[in-house]
Amino acid sequence: MADVSAAQVKELRERTGAGMMDCKKALTQCDCDIEKASDFLREKGLAAAAKKEGRIAAEGTVESYIHGGGRIGVLVEVNCETDFVSRGDEFKALVRDIGMHIAAANPQYLNKEDVPPEVLQHEKDILKAQALNEGKPEKIVEKMVEGRIEKFYKEVCLMEQAFVKDPDKSVRDIVLDKTAKIGERIVVRRFTRYELGAGIEKRQDDFAADVMKEINR
């Protein structure tokens, strides 16, 4: 088994925010592979976050995010367990990032469970027709539809979407990572997104690209 160096521990700690001993243990278990060790710590963190799911999160904040000089406005409520955490910089930054993400990605629903049954069935009917039109055998069409429905969820549900600032993670991953780091349950409760002139025929802008430009300034 390879020896773990202080430089590797430092790099992993900076990347994950985990404690030094946890980083050393992860590197030891993963043969000093930084990427595997990061996944190991993340899985450990997510497991810890999952234990907090039963806690009541009644504190938090409602954040507004305005983009493009007033072209898009977002209100999002994110809850935590204590007022102390809600006033912290890390929590505030997370809420602002979620607001920015909503502005860019335009989710239609919060979670999978929030998609109305009639909308879900309509989507399944379309996906089934597409698969049959592609000449796929009917016996595998249902499995194909289920797979494509997961892609649909990732397109329209906030918590399933790829996070705009780190597309390798979903918004759910970002929230759970922060839950593990802060040590309190964090819940995105609801959001509303307003777009100037919505429903009026007009030129379509790439709002996601605009948001990324703002992030990279």
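**Group meeting: surface, elements and cores**

The accessible surface of the protein comes to about 13,100 Å², by the Shrake-Rupley method with a 1.4 Å probe. Carbon and sulfur atoms hold 50% of that surface.

A word on the source. This is a predicted model, where local features need pLDDT of at least 70 and side-chain atom pairs count only at pLDDT 80 or more, while totals for chains, interfaces and linings use all residues. Residues are numbered from 1 along each chain as its sequence is written, and side-chain values use heavy atoms, with hydrogens and water left out.

The protein has 9 helices and 5 strands; these are DSSP runs, H or I of at least four residues for helices and E of at least two for strands, numbered from the N terminus. In order from that end they read α-α-α-β-β-α-α-α-α-β-β-α-β-α.

Of the 217 residues, 35% are buried, meaning under 20% relative accessible area with a 1.4 Å probe, protein chains only.

Now the cores. A nonpolar core is a set of buried Ala, Val, Leu, Ile, Met, Phe, Trp, Tyr and Cys residues joined through side-chain atoms within 4.5 Å. The largest has 24 residues, and Val76, Val78, Ile98, Leu158 and Val188 make the most contacts inside it. Two or more residues each come from β2 (72-80), α5 (89-105), α8 (171-182) and β5 (187-195). The top contributor is α5, with 7 residues.

Take Val188. Leaving out residues up to four places away in sequence, Val188 touches Val76, Glu77, Val78, Ile98, Leu110, Leu158, Met159 and Val175, contact being heavy atoms within 4.5 Å.

A second, separate core has 13 residues, including Val115, Leu120, Val156 and Cys157.

Conventions
Buried means under 20% relative accessible area, exposed over 50%, partly exposed in between (1.4 Å probe, protein chains only).
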